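Visitor: May we go through this model together, one question at a time?

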Amino acid sequence: MNSIFSGTRLRDMIRSIRACKTAAEERGVVRKECADIRASINENDPHDRHRNLAKLMFIHMLGYPTHFGQMECLKLIASPGFPEKRIGYLGLMLLLDERQEVLMLVTNSLKQDLNHTNQYVVGLALCALGNICSAEMARDLAPEVERLIQFRDPNIRKKAALCSTRIVRKVPDLAENFINAASSLLKEKHHGVLITGVQLCYELCTINDEALEYFRKVAPLFALDRSIYAYMSIAKCTEGLIKTLRDITNSAYQPEYDVAGITDPFLHIRLLKLLRVLGHGDADASDLMTDILAQVATKTESNKNAGNAVLYECVETIMAIEDTSSLRVLAINILGRFLSNRDNNIRYVALNMLMKAIAFDDQAVQRHRVTILECVKDPDASIRKRALELVSLLVNENNVKQLTKELIDYLEISDEDFKEDLSAKICSIVEKFSPEKIWYIDQMLKVLSEAGKFVKDDVWHALIVVISNASELHGYTVRALYKAVLTYSEQETLVRVAIWCIGEYGDLLVNNVGMLGIEDPITVTESDAVDVVEDAITRHNSDMTTKAMALVALLKLSSRFPSISERIKDIIVKQKGSLLLEMQQRAIEFNSIVDRHKNIRWSSLVERMPVLDEATFNVRRAGSLPASVSTMAKPSVSIPNGVAAAPLVDLLDLGSDDIMAAPSSSGADFLQDLLGVDLGSSSAQSG
Amino acid sequence: MDRLMSLCVPSLNLRMHRSLIDSLEIQSCYLLSEHSCLASGFGSIHFVLLVSRQGKVRLTKWYSPYTQKERSKVIRELSGVILNRGPKLCNFVEWRGYKVVYKRYASLYFCMCIDAEDNELEVLEIIHHYVEILDRYFGSVCELDLIFNFHKAYYILDELLIAGEIQESSKKTVARIISAQDEMVEAAKEEAGSISYIIAQAS
């Protein structure tokens, strides 16, 4: 027979594991211990089981496999002694999960323990069942648990109540069985039982419609007073709950339950949640609650987290029950106050709730716009994100200019990692709500200047579409872009848009055509304009797309600026030797066009692009993201001159990695169309 | 662990949805009303995790079904997220569509995972409630207490939460129940000690 002290004690094992300096050392110790435990298990000696399981649990927490100990849990649970059962159940809950079949073997022990004379053993069983039972076990043992809800000891009643919540979640059909027992719990005085009882009722109401009706209308009403226990004959459970809540709100200081000046905030919150379920969709019940909700909302201290937790729940309930607009305004004002709270947890929670509140009362939330904007600048990243989302929900035609200004001002000083989200949001707001094109273009220019590298392709494509459609603004736009790109030449997207515009509207740029009243004239020579484009090609950190676009722009400019076409030709020729295949190809092809420009209809080749059809672009963009790949396959909208709207998009995504194979054919297509020369199979032509 | 959302029509049979979802073993389910304000999950708290600043796990308790493998993955992932949070940030992290409420006490992070719709301020109170009970029990509790007496930390947690819901709001009551059980264990040990002694003497 084994000595009782075989193997190391738990304490010693923990010490020796902690003393290990390397992972390998630890593995060694654990391996030895596991071997000892296995040997001990094989000997089937009951004395060491307790200690073995404790050790196994520790080893399990370190992350090592321990399934060989699962049966030990069962044996311990089946032992008569309390300490064995205690650790056995703990092991069960830790080492097993409900999906394992081994769990079914415990059902019999559980049944016996639920009927044990020692109430602490009953407690162990209820706890284990409530934490990990499967649907079958729930079905088997539900009658026992239901009975225990009425047990003499409150400790057991509360455990039985929570165990029942798990049972009805697992097997909703059983909900009906628990209705009566649950409603009896609502008259309890013991806080623990009351909390768990209310929780059970909440579960029943959300799972089962009949239960909901029952608790709304039929259950007898009981009044709870700290010292008096009385029956009232009005048949509405809701009123009973309201009374309970009122009592707890008004109650004097109870040291046992006090948390930062609130008596039992957990009970407050549970009651509020249940009232929410009862009031939702029921005007009468909602009516009954308005007073107590207003009282909780106005009287609860909000300088500590406990109070705020109660207020938060109260606001949730107000939002969920049937409309009493004064109460809703009260709720939103509470949230507004939360927004200025120094505690960032509170601010975070308020922002979340305000997003839901917008659905009910946009006006009330709008009043807090300024504070919300402040939160966009918060040092806490999660708060900034939430605030930004909320702001974008608040934008409408009236406030868009003001809001956008604020956001763009902030964009200039915000952190790099926030710029992406912020710029994306600004772009989407601006696109959706812009009142006039010139404002849109201005805002986009500012965003591109500050955060161009974060702006996505479809956004700046959209900008170009709008620009091309705003013919009266072509001059203004190209001048503004020229000025911007001189200052912000490292913003890739800005450079691309600028190059495209200079290519298209270069003549407007140098001749100050289409000046608007607000503009000052600037002097830009043809050479200056070409400088910008050349710079984009030669700059070492320009990417492929930009360089390719620059070449196309040069091609256009060689027609628009005949006086410096030699210089332009030189730049193109230099690129014939480029190491980038795309650049080489374009350079060669464009050069041959420039060389032969006397022979072909030169100016019409690169005449002003036809206006890109906004509607089509928007449809395509909405329907197919990423738009670029699918536009290649689809026949593009037919536009005079046979120039498809696709080429713009094609051109621009030649830089993207996905479709490297396609470029040369689309480049050739472009030329093919216009020259009218059949350079081979025309079946692949896109337009 | 995907989250299934379905919009309610007024006469929705909630029971049917529940058992359907259950049979698909999806972790949590939202049933949203038109006003999106009424939500119910399978359990307020999905799991509890205590992890040290070095990333060592001191306690894990699972109230939703996670296999052992899933548990390790969750622990690794979540520890990484939480241990990297700056000190001044709020105590809530959005993670995999859930919210994790965490609070640091000395060298330990106490984390509880809840549904996105739940009251995170209350969970902060629950964490604090737990810590205060531990503190009373161990007398100025420190991490070392929870390492050598992990099973007691679990016993206490089991008096505080069942099925992911709070069980008792009175610290005094919890202390009383734990102490009663401790006494039973002591009594049983003494009795066993004396019997074994007798047997050992006899053999």
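Visitor: Is Cys314(A) buried or exposed?
Guide: The model is predicted, and local features need pLDDT of at least 70, side-chain atom pairs count only at pLDDT 80 or more, while totals for chains, interfaces and linings use all residues. Residues are numbered from 1 along each chain as its sequence is written, chains are lettered from A and ligands numbered from 1 in the order in which they are written, and side-chain values use heavy atoms, with hydrogens and water left out. Buried means under 20% relative accessible area, exposed over 50%, and partly exposed in between (1.4 Å probe, protein chains only). Because its relative accessibility is 0%, Cys314(A) is buried.

Visitor: How many disulfides does the structure hold?
Guide: A disulfide is counted when two cysteine sulfur atoms lie within 2.5 Å. For Cys73(A), the closest cysteine sulfur is in Cys34(A), 14 Å away, so the two are too far apart for a bond. Over all chains, the number of disulfides is zero.

Visitor: How many salt bridges are there between chain A and chain B?
Guide: A salt bridge requires a side-chain nitrogen of Lys or Arg within 4 Å of a carboxyl oxygen of Asp or Glu. One of them joins Arg86(A) to Asp182(B), with the closest N and O atoms 3.3 Å apart. Between chain A and chain B, the count is eight.

Visitor: What is the mean pLDDT of chain B?
Guide: The predictor's confidence in each residue is its pLDDT, from 0 to 100. In chain B, 77% of residues reach 70 or more, but residues 1-43 stay under 50. The mean for chain B is 79.

Technical notes. Contact means heavy atoms within 4.5 Å.
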